[in-house]
Amino acid sequence: MMSITRRTILKMFGGVAAGSIISPLPWKLIADGTIWTQNWSWMARTLRGPISTKFTTCTLCPEGCGVRVRMVGENPVSVWAQQNHPVSRGTICPIGLGAAQLRFHPARIERAIQRNGSGRGNAWTPIATETAIAETGKILAELRASGKCDGLAVLDLRPGRAISDLYTDFLKLAGGGQYLTIPSGRDLSGTVFKEMADDLAGAPGYDLLHSRMILSFGAPLYDGWTGAGPVPELALRLTGIRAGNPPGVIQVEPNQSPTAAKAGRWLAIKPGTETTLALGLAHVILDEELYNKDAGPAVLDLEDGPQPGFRSYVRHFTPQRVSDITGLAPQVIAQTARDLAHQQPSIAIGAGDAGGGPLGSGEEAAIWGLNCLLNGLGRRGSILTRPALPASVGKDSALKHPWTLEPRSIWDLPDESIHLLIADGANPGFAWPKQLLERKLAPSARIVCLTPFLSGIAEMADLLLPTPAPGEWLEDIPPQILAMKNTYGLAPSINPAPSFALHPGTILANIAIAAGLQPPGASGDEAVERRIQDRIEALYNSGRGGIFDPAATEIKPSNELRDAEELRAILNRGGCWIDQAEPVPVTSFRFFGKEGRMRPAIECVTNGRLELLTVSEKEYPLILMPHGSSGIAGGGAVPPVLTKLHRESNLRPFPAQAQINPATGRKLGLKNRSSGELSTPAGSLQVWILFNESVMPGVVRVATGPDPVSLGDLKSGKGPDILQLCAITERSVRRVSRAALRMI
Amino acid sequence: MVIDLDRCTGCGACMVACAVENNLPTPPVEAQDNRGLTWLRVYQCGNGRTFPDFKTVFIPVPCMQCDHAPCIHVCPVTAVDYDTETGIVGQIPERCMGCRYCMAACPYHARTFNWWDPVWPKGMEKSLNPDVSPRMRGTAEKCNFCHGRLHRAREKAASEGRRDLNPGEYIPACVEACPTRAIHFGDLQDSEDPVAKLSKSPHAFRLLESLRTFPKVFYLSRQDWVKDVGKSRLEMLRKDIYRDSESESNG
Ligand code: SF4
Ligand code: SF4
């Protein structure tokens with residue numbers, strides 16, 4: 001009999017192991033096991049139903065790109081660019097590509113909610129919509145009764161739309177109050193231009209597509225600054241495409257943003273020295289007589305008058321002096337000025353970065369001045385001024401005004417002057433300092449937000465009333481600020497709004513009724529429809545412009561249409577009205593603005609030191625520069641699919657990441673990929689330190705968005721609000737503040 | 001496919017379009033960053049120098065659809081498939097048992113793994129592309145040049161009595177979405193096709209050519225340092241700009 005030894009047992013196990021490898025059984029078990037554990041009833045299923053396409057206009061930002069929506073039944077499943085659309089020219093941005101997700105955004109509110117207790121904590125409780133409206137109406141009635149109607153304010157984050165008319169009508173009905181907006185960098189740039197161009201009857205716009213050279217002062221040209229529309233053309237000017245030729249785009253920016261990385265020339269100036277550079281370029285243009293004074297508007301303050309003229313002012317800004325302040329080589333400054341003067345038409349653009357805050361008036365004035373010297377006003381390929389839109393003279397008495405109602409900047413209000421703020425929930429797409437808004441609120445002020453999402457300004461509100469998400473209601477899209485041409489598009493409802501969502505116009509009418517007022521006529525969608533109809537009739541009656549129809553290949557002159565109804569029908573199916581009117585000439589221009597009003601702004605930064613940087617350099621050795629992408633920086637809800645860019649790749653940073661040049665990091669004893677504390681005189685925040693070679697030594701660069709909540713991750717909470725750390729001006733945050741960073 | 005790196009601005013529209021088209025979920029909150037599913041990842045790479053001489057290139061990396069695909073050879077359950085007509089390397093999730101050999105074999109990091117059940121925020125599955133089934137947990141997946149789009153185009157052609165597709169009738173989502181028109185798509189076998197011509201340009205190169213995987217994705221750049229990153233220094237794709245090490249100079 002065979003005895004069982006240790007050797008036999010080992011042999012047996014060896015045999016079993018060897019047999020298992022060649023037997024299919026274990027593999028089959030593994031495969032079946034995986035399948036059993038992989039398939040569950042909760043696995044997502046795709047919709048079934050008839051597939052169709054709808055053409056419309058994107059409303060996620062003010063740009064108004066033409067889009068094509070793929071539908072399954074009544075559900076939009078994807079959004080793509082509409083070919084040949086005159087605004088977006090066959091492109092849309094990543095936010096638009098994910099737009100079909102927005103109506104299911106986790107931050108969507110599905111009923112009225114109110115904040116628990118006072119303060120700006122995060123706990124909310126449901127409240128009946130009628131109660132919420134009645135409470136708001138009561139506050140309004142009290143304000144009116146106590147003669148404090150000025151304490152009522154409506155904040156419109158995207159003025160100029162048909163719904164904006166309902167906001168102003170509401171204020172008229174209430175008998176007072178403020179119609180407000182938070183101005184973007186573009187708004188502020190346009191305002192400065194109007195100060196400088198005398199008696200201007202239009203609005204300035206950049207003719208980027210026909211320019212030969214663009215000098216951008218930090219504007220993220222390739223990162224959503226002008227929507228995606230001009231990007232295909234601008235891409236032709238990218239690095240290396242025209243080797244040996246002058247660069248098509250010159251980017252002035254301390255850090256290497258994507259636009260700086262791709263521009264033909266990147267001028268890495270010291271933070272906050274843009275005005276000095278613009279004046280230095282003006283110096284070279286005037287000194288070398290590169291300025292063609294016969295072609296532009298009459299310049300009224302170039303030479304000395306009662307006050308020193310612009311020529312004598314910039315005399316001191318020699319390339320050497322500008323070099324000392326900006327850190328650029330004198331030859332680079334001189335060469336850039338010559339290139340701009342020779343590569344006509346050229347444009348200098350400002351307006352800032354969506355996260356970094358607008359440029360100051362001084363910078364904007366210096367940049368507009370440079371455009372004037374470059375012969376850049378009123379010529380194809382440079383700065384063009386578009387005429388006002390045809391006036392809308394509606395049947396409704398309240399509508400007898402052109403539809404360019406100018407709201408007031410919220411920053412111009414006295415502190416603590418708002419008692420009841422009704423805020424529109426549109427995503428402005430740019431970051432703005434919450435602390436500045438807090439200042440404008442009276443201690444007992446209430447904020448009521450009409451919004452589909454609990455993000456952006458809604459997070460500051462006391463009461464939220466749910467409204468339809470983008471694509472669920474009829475909206476119109478007036479021209480973008482600084483656009484080269486007037487355009488007008490419609491975004492009809494693509495899918496029905498859920499029953500919990502109330503139209504903002506209906507909410508306002510109900511608040512008015514609750515306050516004992518009698519709103520006239522229609523409200524909600526019907527009122528917006530009427531405003532839109534009036535606008536379309538005004539466009540048609542003007543005989544101006546052409547109409548792009550997605551079903552046709554060419555733009556048809558509007559005056560070949562049968563009637564306004566035909567114009568409306570084309571707009572409803574995703575078309576776009578585009579103005580063909582000649583630009584309004586700029587007849588005269590003042591570098592220092594009317595009555596020299598821009599003089600202090602230009603002069604205050606020309607010594608190259610921002611007053612803010614006088615904070616102790618020893619204590620705060622770094623310069624904090626916030627930045628962000630258009631549409632994402634403002635904290636509004638964005639499609640969760642954008643996590644692909646912000647979390648699942650390193651393509652776009654997250655607000656909690658403090659990026660710093662490795663050399664600076666090592667000098668300060670910091671370690672890459674470690675936790676840190678970023679502090680400024682305004683406070684401190686916990687951050688994640690990341691070494692990044694593209695950041696200027698001495699600078700710490702932090703994105704202002706997207707926070708986890710706006711991306712749909714409610715569990716992680718808000719994340720740091722970097723603007724809370726930035727020094728603020730009267731109008732926004734400073735783009736540069738002193739800061740310290742240490743490991744924790 | 002030919003991707004012009006001198007035109008790519010790193011906007012990421014291609015990544016988002018890819019995720020929308022192919023029903024790629026967002027990872028759960030507790031997932032580590034960079035662990036989500038991406039069929040196309042845009043890497044930001046540097047030239048190895050430091051500020052202000054630092055230069056950036058954005059490199060979109062889909063599956064290279066290698067002609068000699070290592071992922072095919074290592075799969076024990078034949079879940080990786082090669083279509084001889086189109087040259088597209090396909091992935092059959094129902095067969096995949098999750099061993100991840102293919103991920104280890106792919107030199108381009110083009111494959112990702114379903115670590116979690118694909119879950120979308122409540123209701124959001126109503127916005128999924130009906131032409132592409134969501135894959136299950138425990139399977140590897142990758143870019144297939146938008147197979148759903150190819151099927152749709154073929155069905156349309158068939159309904160019009162054609163066997164062949166017209167030029168431009170079928171393009172992957174990334175090609176459609178790219179605002180700078182950096183991604184070109186066509187038939188590499190047809191010498192008259194503009195894309196085949198671009199792939200023969202003196203500025204064209206393929207990633208890690210020395211591995212002889214013969215990718216069907218070509219890149220274009222007129223900058224030598226970019227070609228150098230792509231041809232031989234792909235480890236930079238992983239390190240990208242947030243590098244731990246001291247700067248190394250490569251020119
Ligand atoms: S790139 Fe990777 S996944 Fe694609 S075929 Fe080649 S080896 Fe396979
Ligand atoms: S969409 Fe085009 S430009 Fe944008 S990252 Fe992708 S390839 Fe580059």
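Which residues does B:Asn114 touch, not counting residues up to four places away in sequence?

## Surroundings of B:Asn114

In this predicted model, B:Asn114 touches B:Leu37, B:Arg135, B:Met136, B:Arg137, B:Gly138, B:Thr139 and B:Glu141, with residues up to four places away in sequence left out of the list. B:Asn114 is placed in the loop between β6 (112-113) and β7 (140-141) of chain B.

The side chain of B:Asn114 makes a polar contact of 2.7 Å with the side chain of B:Glu141. Because its relative accessibility is 2%, under the 20% limit, B:Asn114 counts as buried.

## Interface between chains A and B

Contact between the two chains involves 83 residues of chain A and 81 residues of chain B. The area buried between chain A and chain B is about 6700 Å², and carbon and sulfur atoms give 57% of that area.

Two salt bridges are counted between chain A and chain B. B:Asp131 and A:Arg70 meet through their side chains in a salt bridge with an N to O distance of 2.9 Å. Several elements of chain A each supply at least two residues of the side that touches chain B, including α2 (24-38), β2 (66-72), β3 (75-81) and β30 (683-691). The most is given by α2(A), with seven residues. By class, this side of chain A has 43 nonpolar, 24 polar and 16 charged residues.

## Shell around ligand 2

There are 13 residues around ligand 2, of which B:Cys8, B:Cys11, B:Gly12, B:Cys14 and B:Cys178 come nearest. The shell comprises nine nonpolar and four polar residues, and no charged residues.

## Salt bridges

Over all chains, 44 salt bridges are found. One of them joins A:Arg446 and A:Glu135, whose closest N and O atoms are 3.4 Å apart. A:Arg446 lies in strand β19 (residues 441-451) and A:Glu135 in helix α4 (residues 129-145) of chain A, so this pair ties together parts that are 311 residues apart in sequence. A:Arg446 is partly exposed at 25% relative accessible area, and A:Glu135 is partly exposed at 29%.

A:Lys440 and A:Asp415 also meet in a salt bridge (3.1 Å, N to O). This pair links distant parts of the chain, 25 residues apart: A:Lys440 is in helix α14 (residues 434-440), and A:Asp415 is in the loop between β17 (408-409) and β18 (418-424) of chain A. A:Lys440 counts as buried at 1% relative accessibility, whereas A:Asp415 counts as partly exposed at 41%.

How values were computed. Residues are numbered from 1 along each chain as its sequence is written. Chains are lettered from A and ligands numbered from 1 in the order in which they are written. This is a predicted model: local features need pLDDT of at least 70, side-chain atom pairs count only at pLDDT 80 or more; totals for chains, interfaces and linings use all residues. Side-chain values use heavy atoms; hydrogens and water are left out. Contact means heavy atoms within 4.5 Å. Buried area is the accessible area (1.4 Å probe) that two parts lose on being put together, summed over both. A salt bridge is a side-chain nitrogen of Lys or Arg within 4 Å of a carboxyl oxygen of Asp or Glu. Helices (H or I, at least four residues) and strands (E, at least two) are DSSP runs, numbered from the N terminus. Ala, Val, Leu, Ile, Met, Phe, Trp, Tyr, Cys and Pro count as nonpolar, Asp, Glu, Lys and Arg as charged, and the others, Gly among them, as polar. A residue is near a molecule or strand if one of its heavy atoms lies within 4 Å of it. Buried means under 20% relative accessible area, exposed over 50%, partly exposed in between (1.4 Å probe, protein chains only). A polar contact is a pair of N or O atoms within 3.5 Å; within protein, one must be able to donate a hydrogen and the other to accept it, and residues adjacent in sequence count only if both atoms are side-chain atoms.
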